[in-house]
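Q: Could we go through this model together, beginning with the strands and then turning to the aromatic rings?

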Amino acid sequence: MSRLWIKHQGWLTRGQALLSSSAAFARAPATRAQAPVDNTSETAVLKLQQMLSEAPRGSLKFDTLDLYLGAPWVRYAVIPWQDKLKRDSDWENYARVAMAQVYGIGTDNWRVRVAEAGWGKPRLAAAVDQGMYQTLCELARSQKFSLQRVEPLLTTAINRYKGQLRQREFVLVHLDEDQAVCAFWRDRAWRGVITLATQPDQLKKDSAALGALVRDAAVLASDFLPEQIYLVANSSRFARMELDEFDLQWLGPIHADLMRRADDATHAA
């Protein structure tokens, strides 16, 4: 692996931390590491720190780091349009109040970001714990990584596959370990988002379980049940799955490295 500049990508999901390190402008395979974590931010950050300390480094000290956060580190909500809100900070403050009502807990220590949307349309908001975010930034600084992004996995899924989200009405389902994030789209805007616990093995084997999941999510997060399901999941088993009452399209994994790990685990089993 070339040591001039190495790009590191880390994922913190429910139950595990993963790291992929690949040399920039080189065709050498990526170096990967994985570690189990419990659902506390302290353990997740510690595991990530250990993997980064053992990861290959570039000689020019230009190494970059992208971090992607899944459940339970991120919370989502769709907030209604407000005519009087002009600045990003105004939307973020409003989203923080709205999310406090949705989740029934204080949000003063949340780092909230609100996605752009058309005039008059609801907006998708995502929040992570501010303390965890600052710890991740300090971790990157102390180990001399250039931190490029800290991004929720639902945002990653939307950005990666937005060119394939073509229906006027749909639900985008991201399976994140034993959690499913379901985001509903209608009238050119996100209309609702909900995170539900899942049984991953059952979803892979039984298509009816996926249909039931979407119906439950629609009841909780939306006022409509779309026929179109776009699925982002790190298992090729979903590529051949069909549903009687839905048009199901498996888009692919969040990242190719995660897809390889999922397939490797399947073959090992």
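**Strands and rings**

A: To begin with strand S2 (residues 16–23) of this predicted model, seven of its eight residues are buried, so the strand is largely enclosed by the rest of the structure.

Q: OK, and how many bridges join S1 to S2, and which way do they run?

A: Strand S1 (residues 6–13) is joined to S2 by eight bridges, and the two run antiparallel. Within that pairing, tryptophan 11 has leucine 18 in S2 as its bridge partner.

Q: What's in the turn between S1 and S2?

A: The two strands form a hairpin with two residues between them, and glycine 15, which sits in the turn, has a positive phi of about 95°.

Q: And which way do S2 and S3 run?

A: S2 and strand S3 (residues 31–36) run antiparallel as well, joined by six bridges, and here alanine 17 stands opposite alanine 35 in S3.

Q: Switching to aromatics: how many aromatic pairs does the structure hold?

A: The structure holds 10 aromatic pairs. One of them is formed by tyrosine 103 and tryptophan 110, whose ring centres are 5.8 Å apart and whose planes are at 70°; because an angle over 60 degrees counts as edge-to-face, that is how this pair is classed.

Q: Are those two buried or exposed?

A: Tryptophan 110 is buried, with a relative accessible area of 6%, whereas tyrosine 103 is partly exposed, at 32%.

Q: What about phenylalanine 170 and tyrosine 230, how are their rings arranged?

A: The ring centres of phenylalanine 170 and tyrosine 230 lie 5.1 Å apart with the planes at 80°, so this pair is edge-to-face. The pair links distant parts of the chain, since phenylalanine 170 belongs to strand S9 (residues 169–176) and tyrosine 230 to strand S12 (residues 228–232), 60 residues apart. Both phenylalanine 170 and tyrosine 230 are buried.

Q: Which residues form the aromatic cluster?

A: Trp81, Trp91, Tyr94 and Trp119 form one aromatic cluster.

Key. Residues numbered from 1 in each chain as written. Predicted model: local features only at pLDDT ≥ 70, side-chain atom pairs only at ≥ 80, totals over all residues. Heavy atoms only, no water. Phe/Tyr/Trp six-rings, centres within 6.5 Å; stacked < 30°, edge-to-face > 60°. Buried < 20%, exposed > 50% of the residue type's maximum accessible area, 1.4 Å probe, protein only. Helix = DSSP H or I, 4+ residues; strand = E, 2+ residues; numbered from the N terminus. Pairing = 2+ DSSP bridges.
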